[in-house]
Amino acid sequence: MISIDNVSKHYGSFQVLTDCTTQVKKGEVIVVCGPSGSGKSTLIKCVNGLEPFQAGTITVNGVSVGDPKTNLSKLRSHVGMVFQHFELFPHMSITDNLTIAQEKVLGRNKDEARDKGLKLLDRVGLKAHAAKFPGQLSGGQQQRVAIARALAMDPICMLFDEPTSALDPEMINEVLDVMVELAQEGMTMMCVTHEMGFARKVANRVIFMDKGQIVEDDSKDAFFGAPRSERARQFLAKILQH
Amino acid sequence: MSYQWNWGIFLSPAASGDGTYLSWMLSGLQTTILLSLSAWVIALALGSLMGVLRTVPGKWLSGLAATYVEVFRNIPLLVQLFIWYFVLPEVLPFGLGERFKQDLDPVTQQFVSAMVCLGFFTSARVCEQVRSGINALPRGQKNAGLALGFTLPQTYRYVLLPMAFRLVVPPLTSEFLNIFKNSAVCSTIGLLELAAQGRQLVDYTAQPYESFIAVTALYLLINVVVMTLMRHVENKTRVPGYLGGK
């Protein structure tokens, strides 16, 4: 589904990604973790072309992301993405947030888009908030709407960029619950997150990044059981301590 | 010094033979309003376009827009007006300048030059407001739009501009007020707008106090109306749960 081959990226002389290679198969859930500044968010943004990269190739469902001839908008319309800071559109009601891209990008008619949007809103448990605006919801609620907004486009895979790291602790679970459910339904997912409980529960593989490189790419049992690199061991020891 | 106040002067017949001095004032007021509104339309359209161009990726377009702003912002309004009115018709190619001078009556020539001048001058300032509005939005908003499959123009249309314009309603209100006040400069090329009518009235009646008090009051009146209107716009477009909204 997603294939990342020897991808490198630099800003000027600063190397952000070095020779990253990994694959995500259909139905797989991959968790990407690592210390801040390790390039994990950059890597996931390269997958749908939000960040350009200078070397290597990324293909999503057979389409090359780095190819200048690729219609990136079309590709992105069926790759869902959820951001750290939700990024709902503040001037639109929740319903409009859920329907606008369906209408303007996929060309669905108003009723069809609305039905789809409300069904997904119900699924994330927020049906009662359809007429509200993003600023009137809590962080956890906004993030669930953001997930519903991405799902409304019928994505073939979902990218999560630290979806819970901007949330208050008591709201993290409501978002993770939605993500676990999605994973169990067989959605192909690539998640940048430090929620190791989530990784243990649903991940097929865990990727550990450090200084722009993929240091470990292993099954979750191997990763949590006995990480091969010293760097990953230190990282795990630090975040699992509390 | 003894000054003979005579507020009745506005109701006495004007020296031009048609109507009263009040009708001079009203015709000046009408010209000022028409001139400023039409210039505002140009300023808003052109300024928004340039403001967007200043924020798009790619050095060419943003460089072009930046140059545009520096040119129109750094030359005094009066000098720009003289260039538009006196210089440009002489240098326009394909006989356009000749046609401008021969086919249009003098009042229209003055009006068009003044309108374009005020419009371009103000557009450079609107451009900077719109640019600052777009840049004030979180960077993730653009990514969120693109990630949903919107093209870049669609992202501006549906995601960035609706919020950017809301953010800059207060500074745009100042520019809207400025354009009415700046329009007084256009009396220097002979356009009979409000300030010019006021001075003409002094020349004919020797009642400067009444005349300039009336002119001042009318400018104030215009700006009170504009301010009320813009405050209404601000309230109407306020986003619930965001920036002072409910």
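**Exercise 1. A parallel pair**

In which sense do E6(A) and strand E7 (residues 157-161) of chain A pair, and over how many bridges?

*Solution.* Start with the ground rules. This is a predicted model, in which local features need pLDDT of at least 70, side-chain atom pairs count only at pLDDT 80 or more, and totals for chains, interfaces and linings use all residues. Residues are numbered from 1 along each chain as its sequence is written, while chains are lettered from A and ligands numbered from 1 in the order in which they are written.

Next, the terms. Helices (H or I, at least four residues) and strands (E, at least two) are DSSP runs, numbered from the N terminus. Two strands pair if DSSP finds at least two bridges between them.

E6(A) and E7(A) pair in the parallel sense, over four bridges. Take one position: A:Val82 stands opposite A:Phe160 in E7(A).

**Exercise 2. The faces of E6(A)**

*Solution.* First, the cut-offs. A residue is buried if 20 or more other C-beta atoms lie within 10 Å of its own, exposed if 12 or fewer, and partly exposed in between; C-beta atoms are placed from the backbone. Then take each face. A:Val79 and A:Met81 lie on one side, and both are buried. A:Gly80 and A:Val82 lie on the other, and they are buried too. Both faces are covered.

**Exercise 3. Positive phi**

Where are A:Phe86 and A:Lys211 found? Compare their surroundings.

*Solution.* Begin with the general rule: most residues other than glycine have a negative phi, and most peptide bonds are trans. A:Phe86 has a positive phi, near 65°. It is found in the loop between strand E6 (79-82) and H3 of chain A. A:Phe86 is buried, with 26 other C-beta atoms within 10 Å.

A:Lys211 also has a positive phi, of about 50°. Its loop lies between strand E9 (205-210) and strand E10 (213-219) of chain A. A:Lys211 has 15 C-beta neighbours inside 10 Å, so it counts as partly exposed.

**Exercise 4. Two helix pairs in chain B**

Describe how H1(B) packs with H9(B), and H2(B) with H5(B).

*Solution.* Axes are lines fitted to C-alpha atoms, for helices over the stretch in contact, and angles run from 0 to 180 degrees between N-to-C directions. Angles under 35 degrees count as roughly parallel, over 145 as roughly antiparallel, 65 to 115 as roughly perpendicular and the rest as oblique.

Pair one: helix H1 (residues 21-55) and helix H9 (residues 194-205) pack at about 160°, with axes 7 Å apart. H1(B) and H9(B) are therefore roughly antiparallel.

Pair two: helix H2 (residues 59-74) and helix H5 (residues 106-136) cross at roughly 130°, and their axes come within 8 Å. H2(B) and H5(B) are therefore oblique.

**Exercise 5. Where the chains meet**

How many residues of chain A are in contact with chain B?

*Solution.* Two residues are in contact if their C-beta atoms, placed from the backbone, lie within 7 Å. On that count, 22 residues of chain A are in contact with 22 residues of chain B. Helix H2 (72-77) and H3 of chain A are the elements that give two or more residues to chain A's side. The largest share, four residues, comes from H2(A).
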